Amino acid sequence: MNKLNFIEKMGFKITWKLICIGLWGTDKIPVQITYAELFDYLEKRLNNNDLWLDEIVLLICEKDSQMKIHDLLCKFADEESSDFKLQERKWRAYLFYNILDNLSDDCLQGLLQLMEFWTLIGLQNESPIDFPKSGDKLSIKNYFTSSTYKQQIIKSKVWLENEMKTIAVQES
């Protein structure tokens, strides 16, 4: 499924800033979509007599020029009132949803997946998971257990549900 469609299914509005973040990434969010995926999404919106009709037509007319597409997307993003940080949070929620949906059954691998996500996103202080104390062998040994893994999954799912609700409230 197209990532932009999936984000909509999560209950989030698609904005031009969200699209720009998905296409070009940020320091916190890696590139998520290609131009082909963008146009696939936009063409489906075009068939629905969309509010973005004029913008979509302009983009489709420039489909062969990434520079012109870039300029148009920047213009559309600048003109809308959406909050950039909120759009980043949508992508983070999407990425975390996929991590949780594809966690390993092995507690060691699963905990490493969760830790890696928050480390790569660069937001350990906002993470719902607890990290073992660095250099404390007993803490590390006790951390990588099945019971800790189950707790971290529950905390992560609760965090994601709350984050999705908070984003939806802030966006309305």
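A disulfide requires a pair of cysteine sulfur atoms within 2.5 Å, and the count here comes to zero. Cys 61 is exposed, at 61% relative accessibility (buried is under 20% relative accessible area, exposed over 50%, partly exposed in between; 1.4 Å probe, protein chains only).

This is a predicted model: local features need pLDDT of at least 70, side-chain atom pairs count only at pLDDT 80 or more, and totals for chains, interfaces and linings use all residues. Residues are numbered from 1 along each chain as its sequence is written, and side-chain values use heavy atoms, without hydrogens and water.

Move to Glu 88, in helix 6 (helices are DSSP runs of H or I, at least four residues, numbered from the N terminus). Glu 88 is buried at 6% relative accessibility. Beyond residues up to four places away in sequence, Glu 88 touches Ile 21, Thr 26, Asp 27, Lys 28 and Ile 29.

Finally, show helix 2 and helix 3. Trp 16, Ile 19, Leu 23 and Trp 24 in helix 2 meet Tyr 35, Leu 38 and Leu 42 in helix 3. By class, this contact of helix 2 with helix 3 has seven nonpolar, no polar and no charged residues (Ala, Val, Leu, Ile, Met, Phe, Trp, Tyr, Cys and Pro count as nonpolar, Asp, Glu, Lys and Arg as charged, the others, Gly among them, as polar).

How values were computed:
Helices (H or I, at least four residues) and strands (E, at least two) are DSSP runs, numbered from the N terminus. Contact means heavy atoms within 4.5 Å.
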